Each structure stands twice: as C-alpha cells, then as structure tokens.
Amino acid sequence: MAWQVDKSHTHINFVARHMMISKVRGEFTDYDIDVNFDENNPAATTVNVAIKADSINTRDEKRDAHLKSPDFFNAAEYPVLTFKSKRVEQKSPTHGRLIGDLTIRGITHEVALDVDYSGVVKSPWGSHSAGFSAKTTVNRKDWDLNWNVALEAGGWLVSDQVTIEIDLELAQVPEVVAEAGVAEAAA
C-alpha cells in the first residue's frame, strides 16, 4: 500500500528553554517527507526528511531572522536540514524508535526518535490514514548552534537542549494512482 504525507495534519515542532524560566516553541513550515511505511513489517519502514531552514517560525520575526542567521542555522549557506532513517526498532505494536542521521549546517549526527503509532483508520470519505507522533531531545551544540548570552543571575539565554516533536499523518494513495505513478516513472 502506498502512502503520502498529509501536510495539513503534519507538524514539525521544537521547544527550547528561554532565560531558564520559559519555553520558546517553533515549527518548520516548509518540508518534504518521504515515508515508505510498511504496516506489515514496521521495521522495514524508511523515512527521509528535507526541511527548509528559512521556514522556521517562532511567531517573532526578529527571533526568526536571528535563527536563520549564521549564529544559528545559517540558512543562506545551509538551506536544508535533513533526516535519513537507518533503522526502526519496534518495541511493541504501537511504539518504536526511529534511528537516523540528522544533518544541520553540514554536520551529521545519529539521533533516535521515540515513535508512537496511532494506527490506521478509515475516514468518513472512504480513505485510509495512519498517524504517528515522534519525539527526541538533542543538544544543539552538537551541530555548532553555539550562540548564547550569559544571564546576570546565572544560566543562559537559550538552553542547549532542544526537544523536537513531530506529528505525522499519512494518507493512503489509491492503488490506481500509485500504479500510474510507477508507470510514469518507468517511461
């Protein structure tokens, strides 16, 4: 069964501490996700993600501009963040770990996302959808995202630890459409 990402129900979010007292939340709004979901053999599933760095949105234009600058993502020089899965470790029918390489600013490190599988449901319109939630925490400095300011009372303006949260909905591609796509690609 072929699947495609339902972007209207998919979100790539992150959370970081601000001044040690609150959290800043943001998202990336422009991305491509290629998922080869094998519901009969989840360990065979593959995921490749390409995120446009300049699509970052924290609801603050000045902060977003700073995050796009060389102090952080350097979006002009490194326009795309990527994740390429290497393996899936299935822990139970509804939980697993997706391990892959995360590349930011040309630096690649392996990360593991804890994944919850919500199952497959049939919509009122007859289509089928599958839902997933994934989460991991990374140290931003591993990717040379080092900028920071010391606070007068101690601590730092921006936490080193950043939590990444992904909600993903896949929509089943009707077999006729999937087969047509394969035939077009072969032509």
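Modeller: The conversation below takes up the core, the salt bridges, the surface and some loop residues. This is a predicted model, in which local features need pLDDT of at least 70 and side-chain atom pairs count only at pLDDT 80 or more, while totals for chains, interfaces and linings use all residues. Residues are numbered from 1 along each chain as its sequence is written, and side-chain values use heavy atoms, with hydrogens and water left out.

Colleague: Which residues have the most contacts inside the largest nonpolar core?

Modeller: They are Phe28, Ile33, Val35, Phe73 and Leu170, in a core of 38 residues. A nonpolar core is a set of buried Ala, Val, Leu, Ile, Met, Phe, Trp, Tyr and Cys residues joined through side-chain atoms within 4.5 Å. Buried means under 20% relative accessible area, exposed means over 50%, and partly exposed lies in between, with a 1.4 Å probe and protein chains only.

Colleague: What does Ile33 touch?

Modeller: Leaving out residues up to four places away in sequence, Ile33 touches Val5, Thr10, Ile12, Val47, Asn48, Val49 and Leu168. Contact here means heavy atoms within 4.5 Å.

Colleague: And Thr163, is that buried or exposed?

Modeller: Thr163 counts as buried because its relative accessibility is 17%. Thr163 sits in strand β11, residues 158-173. Strands (E, at least two residues) and helices (H or I, at least four) are DSSP runs numbered from the N terminus.

Colleague: Which side chain makes a polar contact with the side chain of Thr163?

Modeller: That partner is Thr137, at 3.2 Å. A polar contact is a pair of N or O atoms within 3.5 Å; within protein, one must be able to donate a hydrogen and the other to accept it, and residues adjacent in sequence count only if both atoms are side-chain atoms.

Colleague: Let us change topic. How many salt bridges are there?

Modeller: The count comes to 12, a salt bridge being a side-chain nitrogen of Lys or Arg within 4 Å of a carboxyl oxygen of Asp or Glu. One of them joins the side chains of Lys86 and Glu110, at 2.7 Å from N to O. Lys86 is in strand β7 and Glu110 in strand β9, so this pair ties together parts that are 24 residues apart in sequence.

Colleague: What about Arg140 and Asp160?

Modeller: Their side chains meet in a salt bridge of 3.9 Å, N to O. Arg140 lies in the loop between β10 (128-139) and β11, and Asp160 in strand β11, so the pair ties together parts 20 residues apart in sequence. Arg140 is buried, at 5% relative accessibility, whereas Asp160 is partly exposed, at 26%. Elsewhere, salt bridges that share partners join Lys86, Arg87, Glu89, Lys91, Arg97, Asp101, Glu110 and Asp114 into one network.

Colleague: Now the surface. Which residues form a nonpolar patch there?

Modeller: Met19, Met20, Ile21 and Trp156 do, with about 450 Å² of accessible area together. Patches are made of residues with over 30% relative accessible area and no salt bridge; like charges are joined within 9 Å, and nonpolar side chains (Val, Leu, Ile, Met, Phe, Trp, Tyr) within 5 Å. Accessible areas come from the Shrake-Rupley method with a 1.4 Å probe, and for residues only the protein chains shown count as cover.

Colleague: Where is Met19?

Modeller: Met19 is in the loop between β2 (11-18) and β3 (22-28).

Colleague: Finally, what is the phi of Asn74?

Modeller: Asn74 has a positive phi of about 50°, although it is not a glycine. Asn74 is in the loop between α1 (61-68) and β7 (80-92).
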